[in-house]
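Student: I have this one open in the viewer and would like to go through it piece by piece. Can we start with a loop and work outwards?

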Amino acid sequence: STLEVTLFPYTTLFRSGGLNTITWQGIIILFNISFGVTINAVYNIANQLKTCTLGFAQNVQKAISPQITKTYAAKDYERHCLLVYNGSKAQIYLIYLIIIPFIIKTGYILNLWLGHVPEYSVIFCQLAVLMPLLNAGFEPVRNSAYATGRIKTLSVIPNLCHMLLLPICYITNRIYNDPIIMMILVVIIDYIIYAIKYYLAAKVSVLSLFVFIKKVILPSVIIFFSSLILCFYINKSLSDNLSGMFFILIINIFIVTILFYTVGINNQERTYINSHLRTIAIKIFRKE
């Protein structure tokens, strides 16, 4: 119809994430105008880290994405939900392996990377690497919703909410004139928008938001803070050098793995992992 043709550029903009791009560019300009080129550079560094962190975990998504769509089409909803929940957990835990050591050693890493570390860089980067967590966990959920073909609400409403980020940041800047407060606000609103996305995706798909919170969100929160606190106290006895960085990386992998095995999975999943580990062990010993 004529109305659909007229609205096509605008609906495309909503669904393609064009408004998100406009919003993020607007925030960059706002940082630049309010705090100068230096803070703008810091914000860009933080965004690069966020993108790299997310890319690290999305290899899991590439592996399970076809299976999520296939199981929904076959109406194998039990396996479909299992793939989504486990895929979300796997991506979040993979990100933990790199962001927890990064948060602990941010100053040292930035000093190695940049030489001279600009003001606010440490806190900006620490906040930025928290943002991919919900993004990574949401990708399997998004695939589940997209498999239904009912994506209009999921595309439009979060983008409309995202539009509020720029005016809220502008008002906050006028009141506080503090780049850290603005960056914290960016992270908080990003988390709120992803919470809305999870809710809407659960509404259109066969997923249960309650089960997702129970199986994915709560264990992930427990594992994150437990690992972060343990690594923080261990780091107090370490030096800021490569050996200290390597040691905290190994310790974090060990802690996250143990917590994942004890807290992050249920008894059925634990039994499944144990059986596979036994099979691998038997094959290794037979070869020897």
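Student: Where does asparagine 177 lie?
Tutor: Asparagine 177 is in the loop between α9 and α10, the latter spanning 179–204. Keep in mind that this is a predicted model.

Student: What is phi of asparagine 177 near?
Tutor: Phi is near 50° there, a positive value in a residue other than glycine.

Student: And is asparagine 177 buried, exposed or partly exposed?
Tutor: Asparagine 177 counts as partly exposed, because its relative accessibility is 48% and the exposed class begins over 50%.

Student: Which other residue has a positive phi although it is not a glycine?
Tutor: Lysine 75 is one, with a phi of about 60°. Lysine 75 sits in the loop between α3 and α4. Its relative accessibility is 63%, so lysine 75 counts as exposed.

Student: What about threonine 71, where is its place?
Tutor: Threonine 71 is in helix α3, residues 37–73. With a relative accessible area of 5%, threonine 71 is buried.

Student: What is threonine 71 in contact with, leaving aside neighbours within four places in sequence?
Tutor: Asp76, Arg79, His80 and Leu83.

Student: Let me zoom out. How many helices and strands are in the protein chain?
Tutor: The protein chain has 13 helices and 0 strands.

Student: How much of the chain counts as buried?
Tutor: Of its 288 residues, 43% count as buried. The protein chain exposes about 15,700 Å², and carbon and sulfur atoms supply 67% of that area.

Student: Among contacts between residues at least 6 apart in sequence, what percentage join residues at least 24 apart?
Tutor: That would be 79% in the protein chain.

Student: Now the largest nonpolar core. Which residues touch the most other members?
Tutor: Tyr43, Tyr96, Ile99, Ile100, Phe124 and Val141 do, in a core of 67 residues. Helix α4, residues 77–104, contributes the largest share of this core, 13 residues.

Student: What does tyrosine 43 touch, not counting residues up to four places away in sequence?
Tutor: Tyrosine 43 touches Trp24, Ile27, Ile28, Phe31, Phe124 and Met183.

Student: On to helix packing. At what angle do α5 and α6 pack?
Tutor: Helix α5 (residues 106–114) and helix α6 (residues 121–128) pack at about 110°, and their axes are 10 Å apart. The two helices α5 and α6 are therefore roughly perpendicular to each other, since that class runs from 65 to 115 degrees.

Student: Which residues meet there, α5 against α6?
Tutor: From α5, Thr106, Gly107 and Leu110 meet Ser121, Val122, Cys125 and Gln126 of α6. By type, the residues of this α5 and α6 contact are 3 nonpolar, 4 polar and no charged.

Student: Which residues in α5 are buried?
Tutor: Thr106, Tyr108 and Leu110 are buried in α5. The cover over the buried residues of α5 includes α4, α6 and α12, which is 242–264.

Student: And asparagine 111, buried, exposed or partly exposed?
Tutor: Asparagine 111 is in helix α5 and counts as partly exposed, because its relative accessibility is 41%. Asparagine 111 and valine 122 are 11 residues apart in sequence, with a C-alpha to C-alpha distance of 9.9 Å.

Student: What comes just after α5?
Tutor: Glycine 115, which takes a positive phi of about 80°.

Student: Compare with α8 and α9. How do their axes run?
Tutor: The axes of helix α8 (residues 152–163) and helix α9 (residues 165–176) cross at roughly 20° and come within 4 Å. That angle is under 35 degrees, and α8 and α9 are therefore roughly parallel to each other.

Student: Which residues meet between α8 and α9?
Tutor: Cys161, His162 and Met163 in α8 meet Leu165, Leu166 and Pro167 in α9. The residues of this α8 and α9 contact divide into 5 nonpolar, 1 polar and no charged.

Student: Last one, glycine 244. Where does it lie?
Tutor: Glycine 244 lies in helix α12. At 4% relative accessibility, glycine 244 counts as buried.

Student: What does glycine 244 touch, not counting residues up to four places away in sequence?
Tutor: Lys105, Leu238 and Ser239. Glycine 244 and lysine 105 are 139 residues apart in sequence and 9.1 Å apart in space, C-alpha to C-alpha.

Notes
Residues numbered from 1 in each chain as written. Predicted model: local features only at pLDDT ≥ 70, side-chain atom pairs only at ≥ 80, totals over all residues. Heavy atoms only, no water. Core = buried A, V, L, I, M, F, W, Y, C linked by side-chain atoms within 4.5 Å. Buried < 20%, exposed > 50% of the residue type's maximum accessible area, 1.4 Å probe, protein only. Contact = heavy atoms within 4.5 Å. Areas by Shrake-Rupley, 256 points an atom, 1.4 Å probe, with all protein chains shown as cover. Axes fitted to C-alpha atoms, helices over the stretch in contact; angles between N-to-C directions. Parallel < 35°, antiparallel > 145°, perpendicular 65-115°, else oblique. Nonpolar A, V, L, I, M, F, W, Y, C, P; charged D, E, K, R; others polar.
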